[in-house]
Amino acid sequence: MKKNIESISINGMGVAKAYLTVFTHPASLPAILSFIGAVAWKFFIFQYLEKIHIRRVKITLADHKLDLTIPFREDTAKTYLDFINFWIRPLSLAVEKFGWHKGALISRRFIKKIAFAYNEAYRVYSKNITTTSRPKATTRTVRNIQRADPHYCCVPSLHIVIVLLVIFFWRKNFAAENYTQAEMEKWNRELYDRGLSIAKSVLYMKQHSVNCIPAAMFMITVTERELVTPEDIYKFIDEIFKDSEDIKPEDRNAIQQHIRETYSQYLEKYEGSEESDRDWANLILQWIRDYKPYSCN
């Protein structure tokens, strides 16, 4: 039964309900197993095999000189690490709103999309992996992040892909499932603001370069056309570092312009090719192969 729960803050929700309901519902288990398999084999294990030299894939440095204009902020680690809870909280919200069964069925649709994103990104990673320069950490949290992460899957940034997927999947779902106007306004704003903070944190933490962002935006625009439009992406780009006092206005404008222009170039090349030859992954791979690395060390 649908409930009115507009008083709930989605960013303040715990994730236990999702694990205890969505992640144990028989109808969602196949999607969850597919997701776990994709993350394990096509993201983590793949990178560790590269790190210990069992598997060898070409590595390209993806740094850009604009990365030097963004300060290394270890204080954003908590926001960066909130990435997983960020996409799980709306699953808990769906259960809260509709109950165990329907909430799990709605959540299953999202889990399928997130598994698809990992599988699609692997089409790039498996042929040419990318990394960025990371400053030496001074806090235990960031040292642990850097030790645990082989840091070989930068272009396209799955952090950015999934942040955008969360924002725009739930925007459409809230409307399709007839959430109240107050609920939609409240939770769309909360997800957008939190997603934007996480997107900025991957740059502050030096986990990604400004070059990783437009590739991710291009990937999700092409693979999730029913959810995300170029207009959505350009609006999101305009919000990046908009109110950040630790980045000079001229540097912020240059970062936004670089992301916007690189994203636009991807789209133009994609739309300008023959339909039978269109492959977003090949366009990103071509960019990686043509890129002249810039060292930020």
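Me: Before we start, what should I know about the model and the numbering?
Reply: It is a predicted model, where local features need pLDDT of at least 70, side-chain atom pairs count only at pLDDT 80 or more, and totals for chains, interfaces and linings use all residues. Residues are numbered from 1 along each chain as its sequence is written, and side-chain values use heavy atoms, with hydrogens and water left out.

Me: Thanks! How many residues does the largest nonpolar core have?
Reply: It has 104 residues, and those with the most contacts inside it are Trp87, Tyr118, Trp170, Met217 and Phe236. Helix H7 (residues 158-176) gives the most to this core, with 13 residues. A nonpolar core here is a set of buried Ala, Val, Leu, Ile, Met, Phe, Trp, Tyr and Cys residues joined through side-chain atoms within 4.5 Å. Buried means under 20% relative accessible area, exposed over 50%, and partly exposed in between (1.4 Å probe, protein chains only). Helices (H or I, at least four residues) and strands (E, at least two) are DSSP runs, numbered from the N terminus.

Me: And what does Phe236 touch?
Reply: Leaving aside residues up to four places away in sequence, its contacts (heavy atoms within 4.5 Å) include Val163, Leu164, Ile167, Tyr192 and Met217.

Me: Switching to H11, which of its residues are buried?
Reply: Among them are Asp251, Arg252, Ile255, His258, Tyr263 and Tyr270. Their cover includes helix H9 (212-223), helix H10 (230-239) and helix H12 (280-290).

Me: Now salt bridges: how many does the count come to?
Reply: The count comes to 20, taking a side-chain nitrogen of Lys or Arg within 4 Å of a carboxyl oxygen of Asp or Glu as a salt bridge. One of them joins the side chains of Arg109 and Glu177 (3.3 Å, N to O). Arg109 lies in helix H5 (residues 100-125) and Glu177 in the loop between H7 and helix H8 (181-204), so the pair ties together parts that are 68 residues apart in sequence.

Me: Is Glu177 buried or exposed?
Reply: Glu177 counts as buried, at 14% relative accessibility, while Arg109 is partly exposed at 38%.

Me: What does Arg123 pair with?
Reply: Arg123 forms a salt bridge with Asp279, and their closest N and O atoms are 2.6 Å apart. That pair links distant parts of the chain, with Arg123 in helix H5 and Asp279 in the loop between H11 and H12, 156 residues apart.

Me: Which residues are linked in a network?
Reply: Salt bridges link Arg73, Asp75 and Asp246 in a network.
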